[in-house]
Amino acid sequence: MQGIILRGIGGFYTAMDDSGALHTLRAQGKIRRERLKPKVGDRVELAPGEGEEHGWILRILPRKNELIRPPVSNIDLICIVVAAATPDPDLM
């Protein structure tokens, strides 16, 4: 089953599968050992949990792009808003 990461807090991730259902997931050990960290927007293969148990992120699918700050991936559109006059824009 595949889904998209919507939120990640304290090692737990919320993902929405293709049918729109939400799942609470943790990353499998092999993902952590490879020092990969799921980002918001990542497409993942997931194994949903049963009952009150959390599910697992099995694999992070290839990213088409990513930002470091904020940590998001697979962005289709970004909008940057700055003040035109006051305060002076800080481009750094």
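This report describes the pocket, salt bridges, surface patch and backbone features of a predicted model.

## About the model

Local features need pLDDT of at least 70 and side-chain atom pairs count only at pLDDT 80 or more, while totals for chains, interfaces and linings use all residues. Residues are numbered from 1 along each chain as its sequence is written, and side-chain values use heavy atoms, with hydrogens and water left out.

## The largest pocket

Rolling a probe the size of a water molecule over the atoms shows where empty space is left. The largest pocket has a volume of about 200 Å³. A pocket here is an open set of points on a 1 Å grid over the protein atoms alone, where a 1.4 Å probe fits, with protein on both sides within 12 Å along at least five of seven lines. Grid points are joined across faces, edges and corners, and the volume is the space filled by probe spheres set on the points.

Which residues line the largest pocket? They are Ile5, Gly8, Ile9, Gly10, Gly11, Tyr13, Lys37, Pro38, Lys39, Val40 and Pro71; a lining residue has an atom within 4 Å of a point. Strand 1 (residues 2-9) gives the largest share, 3 residues. Strands (E, at least two residues) and helices (H or I, at least four) are DSSP runs, numbered from the N terminus. The lining divides into 6 nonpolar, 3 polar and 2 charged residues. Ala, Val, Leu, Ile, Met, Phe, Trp, Tyr, Cys and Pro count as nonpolar, Asp, Glu, Lys and Arg as charged, and the others, Gly among them, as polar.

## Salt bridges

The structure holds 6 salt bridges. Each is a side-chain nitrogen of Lys or Arg within 4 Å of a carboxyl oxygen of Asp or Glu. Lys39, from the pocket lining, pairs with Glu66 at 2.5 Å, N to O. Lys39 lies in the loop between helix 1 (29-33) and strand 4 (43-47) and Glu66 in strand 6 (residues 66-67), so the pair ties together parts 27 residues apart in sequence. Lys39 is buried, at 13% relative accessible area, and Glu66 is partly exposed, at 40%. Buried means under 20%, exposed over 50%, and partly exposed in between (1.4 Å probe, protein chains only).

Lys64 and Asp76 also meet in a salt bridge, at 2.4 Å, N to O. Lys64 sits in the loop between strand 5 and strand 6, and Asp76 in the segment after strand 7, 12 residues apart. Both Lys64 and Asp76 are exposed. Salt bridges that share partners join Lys39, Asp42, Arg63 and Glu66 into one network.

## A nonpolar surface patch

Leu67, Ile78, Ile80 and Val82 form a nonpolar patch on the surface, with about 400 Å² of accessible area together. Patch residues have over 30% relative accessible area and no salt bridge; nonpolar side chains (Val, Leu, Ile, Met, Phe, Trp, Tyr) are joined within 5 Å, like charges within 9 Å. Areas come from the Shrake-Rupley method with a 1.4 Å probe, and for residues only the protein chains shown count as cover. Val82 lies in the segment after strand 7 (72-73). Val82 is exposed, at 51%.

## Backbone features

The peptide bond from Arg69 to Pro70 is cis, with omega near -5 degrees. Pro70 is in the loop between strand 6 and strand 7.

Arg35 is not a glycine, but its phi is positive, near 60 degrees. Arg35 is exposed, at 76% relative accessibility. Asn74 also has a positive phi, of about 55 degrees. Is Asn74 buried or exposed? At 18% relative accessibility, Asn74 counts as buried.
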